[in-house]
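Colleague: Can you walk me through this one? I would like to start with the metal site.

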Amino acid sequence: MKPVKFQGADLYPALLDEAAQKEIVADIRAVTEAAPPQRFETRRGRRLSVAMTSAGRVGWISDRAGYRYAPTRPDGRPWPEIPDSVLAVWRRVVGEDRLPDSCLVNFYAEGARMGLHQDRDEGDFSWPVVSISLGDDALFRVGGVERPAPSRSVWLRSGDVVVLGGASRLAFHGIDRIRFGSSRLLEGGGRLNLTLRVVERA
Ligand code: SIN
Ligand code: FE2
């Protein structure tokens with residue numbers, strides 16, 4: 001499938017059919033049962049509206065000491081493995097040469113949003129960030145590599161995949177809002193977003 005360009009990013013609308021989405025949701029449920037998502041605190045003591053957990057060798061965490069990738073969960077236990085159904089999406093849009101080290105699991109309940117930011121905590125920017133949208137629609141904003149660059153938004157739907165690579169690898173991006181209850185994929189509504197990243201330099 002050929003992607004659509006949006007602000008330099010590659011957008012694959014409806015890459016995942018309903019069966020593939022359901023398989024991923026079931027596999028991610030096992031991840032979140034082992035490592036429950038939490039609303040992390042920021043350095044300034046604010047709590048993020050998105051609940052997060054991770055799978056993989058390292059996971060993204062945030063607390064009063066700042067944010068970073070950590071080899072273990074806040075309780076000291078290892079992160080669950082990235083499910084094969086999720087790695088299969090990376091294989092389709094990136095390939096086999098390198099697999100991601102980390103899968104960030106973002107859960108957006110009603111009213112959750114994510115401010116404009118860059119993904120720049122990784123040690124290697126030569127690999128893209130792959131983002132999988134599941135559940136409710138989300139208004140995804142993408143700007144440039146410099147914060148003042150103009151930004152535009154696009155609605156992402158369940159099964160859409162976005163690849164931030166090349167010149168867009170360090171583009172500012174965020175989620176303006178979700179349309180709560182717009183999808184029936186997740187029991188109870190909300191949006192699940194998975195982002196796959198290479199964190200460690202080979
Ligand atoms: C992220 O930037 O980590 C998440 C983006 C999204 O939820 O689509
Ligand atoms: Fe991000």
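Modeller: Let me begin with accessibility. At 22% relative accessibility, His117 counts as partly exposed. Bear in mind that this is a predicted model.

Colleague: And Asp119, buried or exposed?

Modeller: Asp119 counts as buried, because its relative accessibility is 5% and the cut-off for buried is under 20%.

Colleague: Which residues coordinate the iron ion (ligand 2)?

Modeller: His117 through NE2, Asp119 through OD and His173 through NE2, at 2.2 Å.

Colleague: How are those donors spaced along the chain?

Modeller: The donors of the iron ion follow H-x1-D-x53-H.

Colleague: What is the geometry of the site?

Modeller: The site of the iron ion is irregular, with 4 donor atoms and angles of 89 to 175° among them.

Colleague: Switching to ligand 1. Where does it sit?

Modeller: Ligand 1 sits in the largest pocket. The residues around it include Tyr108, Met114, Ile175, Arg191 and Arg197. His117 and His173 are also among them.

Colleague: How much of ligand 1 does the protein cover?

Modeller: The protein covers 97% of the 260 Å² of accessible area that ligand 1 has on its own.

Note on methods:
Residues numbered from 1 in each chain as written. Chains lettered and ligands numbered in written order. Predicted model: local features only at pLDDT ≥ 70, side-chain atom pairs only at ≥ 80, totals over all residues. Heavy atoms only, no water. Donors = N, O, S within 2.8 Å, 3.2 Å for Na, K, Ca; no water. Tetrahedral: all angles 85-135°; square planar, octahedral: opposite > 155°, others 65-115°. Buried < 20%, exposed > 50% of the residue type's maximum accessible area, 1.4 Å probe, protein only. Near = heavy atom within 4 Å. Areas by Shrake-Rupley, 256 points an atom, 1.4 Å probe, with all protein chains shown as cover. 1 Å grid on protein atoms, 1.4 Å probe; cavity = no way out; pocket = protein on both sides within 12 Å on 5 of 7 lines; lining within 4 Å. Sits in = over half its atoms within 2 Å of the grid points.
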